[in-house]
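Trainee: I would like to learn how to read a model like this one, feature by feature. Could you take me through it?

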There are 2 protein chains.
Amino acid sequence: MTLFPLYLAICAVPATAGLLFKPGAWYRDLDKPAWTPPDRLFPVIWAVLYVLMSLAASRVAAQPDNAFALGLWSLQIAISTLWSAVFFGLHRIRTGAFIIAVLWAAVLATTLAFLAHDSIAGLMLGPYLAWGTFALALNISVMRRNPQAEMA
Amino acid sequence: MTLFPLYLAICAVPATAGLLFKPGAWYRDLDKPAWTPPDRLFPVIWAVLYVLMSLAASRVAAQPDNAFALGLWSLQIAISTLWSAVFFGLHRIRTGAFIIAVLWAAVLATTLAFLAHDSIAGLMLGPYLAWGTFALALNISVMRRNPQAEMA
């Protein structure tokens, strides 16, 4: 039995965090780089990433000795839940950058661990790693451009 | 190799949510039942629960065909991260009660799945299930006593 529905249900938790902690007036008024994607693109990107990461996890779940790899997957999904709340809820840009850096490292570790089990599962996390790199760069850029916005 | 340190590292994510989204003036001024524990007791209880749930997960990680049980564990840890942010960050008492009810169901499912693998691991989640029941009752009581406090 595939565990894809279970992993997708877990992804509903960070998705709920994203829905509850929305970009509002505070985010709109921040000085953002020209390469900031439009707001409406974020849920689309995340939906694709959630499906891919759930498919990847369900492939690894079918392999033996997978607890370390799946544990890293759990770590990244929990960190992802925390980020939205801290950035959009607390308006803590610096703490957000730190959390997204830890998230990036957790996604990299998950990708490497998945690759060791199943090449396709590892490759399925490639877009997530690419997006994480982009999101980290965006968060750092927003942090540098808005030294006074912290906690505003 | 035991995965206890990995699971404890994952528990650091909801713990960080608890540290960042603190009970402040809003929570202090809520009408709370007489059986509300003092604030300082919560981190102690959670520290014990984190150690127990990490030990339980590392026991199940050593068993075969554990991906479903460990997936449920991932689900509850992500929901736990969300709760602190929603209750203490957004001051949404009703949404908090809903999230904690889903958390309770996830902890129950994890406990049952763990019991099927390893009796000791299942028993180690007993205190978490008991605390979840108490926390759900507390959240519902606070919701009923403060009909106007939502989003305040």
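**Reading the model together**

Mentor: Gladly, and let us start with one residue: B:Asp31 has a relative accessibility of 36%, so this residue counts as partly exposed. Keep in mind that we are looking at a predicted model.

Trainee: Which residue forms a salt bridge with B:Asp31?

Mentor: The general idea is that side chains of opposite charge can pair when their charged atoms come close. Here the partner is B:Arg145, with 3.2 Å between the closest N and O atoms. B:Arg145 sits in helix 7 (residues 126–145) of chain B, while B:Asp31 belongs to the loop between helix 2 (25–28) and helix 3 (41–61) of chain B, so the pair ties together parts that are 114 residues apart in sequence. B:Arg145 is also partly exposed, at 38% relative accessibility.

Trainee: What does the salt bridge between B:Asp118 and B:Arg59 tie together?

Mentor: Those two side chains meet at 2.8 Å, N to O.

Trainee: Are B:Arg28 and B:Asp29 buried or exposed?

Mentor: B:Arg28 is exposed, at 59% relative accessibility, and B:Asp29 is exposed as well, at 58%. They form a salt bridge with their closest N and O atoms 3.5 Å apart.

Trainee: How many salt bridges are there over all chains, and how many between chain A and chain B?

Mentor: The whole structure has six, but the count between chain A and chain B is zero.

Trainee: Then how should I read the interface?

Mentor: The size of an interface is often given as the accessible area lost when the parts come together. In this model, chain A and chain B bury about 2300 Å² between them, and 86% of that area is on carbon and sulfur atoms. In terms of residues, 30 of chain A are in contact with 30 of chain B. A:Gly71, in helix 4 (residues 67–90) of chain A, touches B:Leu6 and B:Ile10. A:Gly71 is buried, with a relative accessible area of 2%.

Trainee: What relates the two chains?

Mentor: Two copies of a chain are related by a rotation about an axis and a shift along it. Here a rotation of 180° with 0.0 Å of shift superposes chain A on chain B, with an RMSD of 0.0 Å. That is the relation of a two-fold axis. The same surface serves both copies, and 100% of the contact residues of chain A recur in chain B.

Trainee: How confident is the predictor?

Mentor: Chain A averages a pLDDT of 95, and 97% of the residues score at least 70. Among the elements of chain A, the mean is lowest in helix 2 (residues 25–28), at 92, and highest in helix 6 (residues 119–124), at 98. For the complex, the predictor gives an ipTM of 0.94 and a pTM of 0.95.

Definitions and conventions: Residues are numbered from 1 along each chain as its sequence is written. Chains are lettered from A and ligands numbered from 1 in the order in which they are written. This is a predicted model: local features need pLDDT of at least 70, side-chain atom pairs count only at pLDDT 80 or more; totals for chains, interfaces and linings use all residues. Side-chain values use heavy atoms; hydrogens and water are left out. pLDDT is the predictor's confidence in each residue, from 0 to 100. Helices (H or I, at least four residues) and strands (E, at least two) are DSSP runs, numbered from the N terminus. Copies are superposed by least squares on the C-alpha atoms of residues with pLDDT of at least 70 in both. Contact means heavy atoms within 4.5 Å. Buried area is the accessible area (1.4 Å probe) that two parts lose on being put together, summed over both. A salt bridge is a side-chain nitrogen of Lys or Arg within 4 Å of a carboxyl oxygen of Asp or Glu. Buried means under 20% relative accessible area, exposed over 50%, partly exposed in between (1.4 Å probe, protein chains only). Lists of a residue's contacts leave out its neighbours within four places in sequence.
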